[in-house]
Amino acid sequence: MNGTDMRNEKELKKVYSRTSTFRKDMVAGFCPGCMHGTVFKLIGEVLEELGVVDRTACVFGVGCCGLAMEYITYDNTTSPHGRACAVATGIKRTNENMLVYTYQGDGDLAAIGLAETMSAANRGENFTVIFVNNGIYGMTGGQMAPTTLVGMKASTAPGGRDPKEHGYPMHMCEILNQLTAPYYLERCSCNTPQNVIKTRNAIRKAFQNQLDGKGFSMVEIVTTCPTNWGMSELDALEFLEDKMFAEFPLGVVRDRSAEKPDDQAEKSDDREVE
Amino acid sequence: MSEKRVFMKGCEAIAEAAVRSGCRFFAGYPITPQNEIPEYFARRLPEVGGHFVQGESELASVNMVYGAASTGTRAMTSSSSCGISLKSEGVSFCASARIPMVYCNISRGGPGIGSIQPSQQDYAQATRASGNGGFRMMVFAPGDVQEAVDMTYAAFDYAQRDRNPVLILGDGVLGTIMEPVVLPPMRSEEEVRRLKDELRDWALVGHDPKKEERAFILPGGWSTKRQEQTCINNAALYDSWVKDVQVETIGLEDAEVVVTGYGISGRIARSAVNKLRAEGARVGYIRPKTVSPFPYETFEKLDYSRVKAILDVEMSIPALMKLDVELAVKDRTRIETCLHAGGEIMSSREVEAAIRALLQGGRTE
């Protein structure tokens, strides 16, 4: 390194660093090409931006997402499979100042936890759901999920998902959109820098809604699972863009973020009556 | 006595005792014969700044309690028999993560959907396997509404002391009967806050990672060594409960026949024992008030050169507490039974007849 380089380095400004919400002495352990690491990074950055790391609790579902439990630096627990929205209900109701989010995969949220997800959304619970949809059970080794695409092979659907036998993929944002209470439902991905930024903004909006007392928000993130899809990382990205996005189109499904919280809206209605 | 007695239904008295002990969160799902517990909480908790949620299922309800109790809030759920089976998932997770919570089984006939009438068919589940993973809990078996109140009030303190679930094992009689009770004092809001703050370091209440350790409430994880250590720590806790045994006894000093039963059948049996002792019969009585820990020591101290037989009285077929009595008696005398099941409630006359048969050297059937 010569003198010129040394001078330039001093003039460099630090514009990006690893989120403090990850432990420095650990690695995540996710498979190559997996997007969980990116999503946790985005969550951590948003929590830091909002200045709420010291009052956040994460409720992990069961599955690959749990690999993050060791290395995030803030409060967390792991719920029984599918029950994250019930556990989050108990935490948030008894600690309204906390920022509470669940982090769940498709099997957890849409199969075993369908009742808990629907009911928490229907009650308009004031917490945030981060739903990572890769169309397959990851941790257990590639079984068919409620979001597995028609024709897509899984270890428990070796001939591929057959609608006659297995039905069709479930669209959770659209299903929750049938309910009155939810405030914000958006489907994102992390396949391009642009989509990573969109996902980050969606997480920020969902968390801000919660801090503003508005109620239930869910950010669905459609991701890859190269390991269980049986593809290279690049092929998996291509499959994501061609096939997964065709079934699960990205975009805002509902956004009442600009509205007042329901309880305040009712109060203003009362005033009008008076 | 200057304390005010009030006339209350068992379920409602249990709920009021919980609130007075500092319970500020309840989630439950309807099932007979315990519906008055969630109904009472739904009205009562908002009055004290607490939260009631009617869950979409027993699974959801117990996991809401898992969440609420994870913040150090005193939290409770209740159900009956087949509903308790569903709660076993969340209870096991609470036992693994060492979360303090209280739940109540107003038990009914079984197995399966069984019958909605009173029964004691859940003893083995309550004391041995309330979920997967070989955990244990303190299990209180109240015999009347006053005991249900006192035990529920204390249950939250035991749960917090051990950071472990505690079960109140009642039955349909206890839940629906009305009796006069003296309610324990209402804990002040400052006291309830202090109790929650005691758990602050451990609880999911937010911690600044730059200054302090995060709360990490773990029902199991990736490390086999850590999970083994969890099991070792838990087993040590379970062993420590020998000091917490509660038992009621009558006439063991001269008894030739010892009658034993818990909860409502223990209470029915006591009527028969008292009647026969008044006649001069040498009948003794052991009623476990904690069925976990079980009062093995009380059975150990019996004079087996004199005790001709033990009469196990239960509303369960097959007899389930009898398994613990067998462990305690170790074949030193014979164990006979007086049983009902399916929602049939025994009479004190039946118990009396069984005792008379044993006193005369016969068998119960």
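Student: What makes strand 2 of chain A and strand 9 of chain B a pair?
Tutor: Please keep in mind that this is a predicted model. Two strands pair if at least two bridges are found between them. Strand 2 of chain A and strand 9 (residues 216–217) of chain B have 2 bridges, in the parallel sense, so by that cut-off they pair. In strand 9 of chain B, B:Phe216 is the bridge partner of A:Asn76.

Student: How many residues of chain A are in contact with chain B?
Tutor: On the side of chain A there are 30 residues, in contact with 38 residues of chain B. Strand 1 (56–60), strand 2 (75–78), helix 3 (84–94) and helix 5 (114–123) of chain A each give two or more residues to that side. Helix 3 of chain A gives the most, with 8 residues. By class, the side of chain A that touches chain B has 11 nonpolar, 12 polar and 7 charged residues.

Student: Which strand pairs with strand 2 of chain B, and in what sense?
Tutor: Strand 2 of chain B pairs with strand 3 (residues 51–54) of chain B in the parallel sense, over 4 bridges. Two bridges are enough for a pair, so the term applies here as well. B:Phe25 stands opposite B:His51 in strand 3 of chain B.

Student: What makes both faces of strand 2 of chain B count as covered?
Tutor: In a regular strand the side chains alternate between the two faces of the sheet. On one side of strand 2 of chain B are B:Phe25 and B:Ala27, on the other B:Phe26 and B:Gly28, and all are buried.

Student: Why is B:Ser81 called buried?
Tutor: The cut-off for a buried residue is 20 or more other C-beta atoms within 10 Å. B:Ser81 has 27, so B:Ser81 is buried. Its place is in the loop between strand 4 (75–79) and helix 4 (82–97) of chain B. Phi of B:Ser81 is near 40°, a positive value in a residue other than glycine.

Student: How do you know that the length of helix 6 of chain B agrees with its number of residues?
Tutor: The expected span is 1.5 Å times one less than the number of residues. For the 18 residues of helix 6 of chain B the span should be 26 Å, and the end C-alpha atoms are 25 Å apart, so the two agree.

Student: Where is the kink in helix 6 of chain B centred?
Tutor: The kink, of about 25°, is centred on B:Ala154. Among the buried residues of helix 6 of chain B are B:Tyr153 and B:Ala155.

Student: What span should helix 3 of chain B have, and how far apart are its end C-alpha atoms?
Tutor: The 13 residues of helix 3 (residues 58–70) of chain B should span 18 Å, and the end C-alpha atoms are 18 Å apart, so the value agrees.

Student: What makes helix 3 of chain B count as mostly covered?
Tutor: Of its 13 residues, 13 are buried. Helix 3 of chain B is followed by B:Gly72, whose phi is positive, near 90°.

Student: Into which domains is chain B divided?
Tutor: Chain B is divided into domain 1 (5–197) and domain 2 (246–359). Their C-alpha centres lie 27 Å apart. The contact takes 27 residues from domain 1 of chain B and 21 residues from domain 2 of chain B. Helix 5 of chain B gives the most to the domain 1 side, with 4 residues.

Methods
Residues are numbered from 1 along each chain as its sequence is written. Chains are lettered from A and ligands numbered from 1 in the order in which they are written. This is a predicted model: local features need pLDDT of at least 70, side-chain atom pairs count only at pLDDT 80 or more; totals for chains, interfaces and linings use all residues. Two residues are in contact if their C-beta atoms, placed from the backbone, lie within 7 Å. Ala, Val, Leu, Ile, Met, Phe, Trp, Tyr, Cys and Pro count as nonpolar, Asp, Glu, Lys and Arg as charged, and the others, Gly among them, as polar. A residue is buried if 20 or more other C-beta atoms lie within 10 Å of its own, exposed if 12 or fewer, and partly exposed in between; C-beta atoms are placed from the backbone. The bend at a residue is the angle between axes fitted to the seven residues ending there and the seven starting there. Domain bounds come from an automatic or database domain assignment.
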